[in-house]
Amino acid sequence: MTTTSPDSGFSARASDHFPAGTVEPGYVLTEALGTDPASVFASITDEDRGFWERARNFVQNEVLPVIDGYWERADYPLHLVRRLGELDLLRDGVHVEGFPTMSRMAAGLVNMEISRGDGSVATMIAVQGGLALRSIAECGSAEQQERWLPAVAAGKEFAAFALTEPTHGSDAVALESTATSTDGGFLLSGEKKWIGNGSVGGVCVVWARGEDSQVHGYLVPQDSPGYSATKIEGKLALRAIWQAHIRLENVFVPQENVLPGARSFKDTARVLLATRLGVAWSAVGHATACYETAVQYARQRLQFGRPLAASQIVQERLARMLSELATMQLMVVQMTRLDEEGALTPEQASLAKFTCTRIARGIASNARDLLGGNGILLANRVARHLADIEAIHTYEGTETMQALIIGRGITGISAFA
């Protein structure tokens, strides 16, 4: 599947006098070029490549033909969540009984490829698989896992992860939502913000502070009395997925819905560590989309009687983008190898996220400028990625917080609580 940017909408009447050279051609900008300048993906296994190729086919045939409209309308294509489940692309490497093994490398490649298509769709994986599914897999009881893991992994049930609060983002460890014991369970009260899937039904993994002052996890059906969620309006990034502002007013959670393995914020942080590397992979996907769009546009766009690609300065800019992209690819592959060995540290995960989202911003900005005025059109792809990179640059920990985690590792001194 290929998409082309629209022409002016006019067709010239047959005439010897009509200046045909004024009619803009339709640019083909969404071909997957297989960009791998350092051959870092040459040695991946056939199993991992199978997940990657399935993700690529999904992007080319089902995401790219429709995503611009959903993004512009700020509409949530929930059917794509279900399709990700049907294609077994939703698990983010989490093991679920009855599903084939999905390595951490395969999960990274899927994150990268889906992000090359669209950041909102990649965030569906990050929320449903990376955060909610992983929380249940790592902290849930056998009964909770049997009830929820297959359904969430297959996209038959929607799932959310509610940690961030209106007044606690970077310092989520200080969250103030409470869980008070009552007969048969707990009453949850407080507010949560920026919760993907938090208003679409299904289950929400809510993190709240118990009477022991520790953070615990609770499985909360979104139709529970006292649970209300409002879609956050006016976003300028990740517009094709809905985040919610949630209010919990004495929401009753039965004892069987308490995650037994979530005993403190350290358990929450364990889930976040795994997804932080996934954000770095997503940044690689966004940067790949911007670079490949710039290459295709430079070959097809004629100015001064020749393709842009024939200009020395354009070639230098493309070479710089490719160099930066190779740096990102090398980093995420190496960090994922460490993760597969169980050796990845929080500082290394932060370094990957810090480096890759920062570089991706630069590649996107360079590509947008190279496309000139056409660079701000949704049909020409780059502007959507440019906006969405701003979101992933912030979520799972801002650049400043990643820098402080890295700095703590360098100096042995924590600059934050």
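Colleague: Which element gives the largest share of the lining of the largest cavity?

Modeller: H7 does, with 4 residues. Keep in mind that this is a predicted model, where local features need pLDDT of at least 70, side-chain atom pairs count only at pLDDT 80 or more, and totals for chains, interfaces and linings use all residues. Residues are numbered from 1 along each chain as its sequence is written, and side-chain values use heavy atoms, with hydrogens and water left out.

Colleague: What do you count as a cavity, and what as a pocket?

Modeller: Both come from a 1 Å grid over the protein atoms alone. A cavity is a set of points where a 1.4 Å probe fits but cannot get out. A pocket is an open set with protein on both sides within 12 Å along at least five of seven lines. Lining residues have an atom within 4 Å of a point. Grid points are joined across faces, edges and corners, and a volume is the space filled by probe spheres set on the points.

Colleague: And what is H7 in your numbering?

Modeller: H7 is the helix at 265-300. Helices (H or I, at least four residues) and strands (E, at least two) are DSSP runs, numbered from the N terminus.

Colleague: How many cavities of 30 Å³ or more are there?

Modeller: There is 1. About 80 Å³ of space lies in the largest cavity. Its lining includes Asp-92, Asn-111, Thr-275, Ser-282, Tyr-395 and Glu-396. By class, the lining has 4 nonpolar, 5 polar and 2 charged residues. Here Ala, Val, Leu, Ile, Met, Phe, Trp, Tyr, Cys and Pro count as nonpolar, Asp, Glu, Lys and Arg as charged, and the others, Gly among them, as polar.

Colleague: What about the second largest pocket?

Modeller: That one holds about 450 Å³. Of its 24 lining residues, Arg-104, Arg-134, Glu-138, Ala-274 and Asp-339 are the closest to the centre. Two or more residues each come from H4, H5, H7 and H8. H7 gives the most here, with 6 residues.

Colleague: Switching to packing. Which residues touch the most other members in the largest nonpolar core?

Modeller: Trp-281, Met-328, Ile-363 and Leu-370, out of 47 residues. A nonpolar core is a set of buried Ala, Val, Leu, Ile, Met, Phe, Trp, Tyr and Cys residues joined through side-chain atoms within 4.5 Å. Buried means under 20% relative accessible area, exposed over 50%, partly exposed in between (1.4 Å probe, protein chains only). H7 gives the most to this core, with 13 residues.

Colleague: What does Ile-363 touch?

Modeller: Leaving out residues up to four places away in sequence, Ile-363 touches Ala-287, Cys-290, Tyr-291, Met-321, Glu-324, Leu-325 and Met-328. Contact means heavy atoms within 4.5 Å. There is also a second, separate core of 32 residues, which includes Phe-51, Phe-158, Ala-237 and Ala-240.

Colleague: You mentioned a cysteine there. How many disulfides does the structure hold?

Modeller: It holds 0 (a disulfide is a pair of cysteine sulfur atoms within 2.5 Å).

Colleague: Is Cys-290 buried or exposed?

Modeller: Buried, with a relative accessible area of 0%. Cys-139 is buried as well, at 1%.

Colleague: Last topic, backbone. Where does Leu-238 lie, and what is its phi?

Modeller: Leu-238 lies in the loop between strand S6 (227-231) and S7. Its phi is near 45°, a positive value in a residue other than glycine. Leu-238 is buried, at 3% relative accessibility, and is among the residues that Gln-243 touches.

Colleague: And what about Arg-381?

Modeller: Phi of Arg-381 is near 80°, also positive in a residue other than glycine. Arg-381 lies in the loop between H9 and H10 and is buried, with a relative accessible area of 1%.
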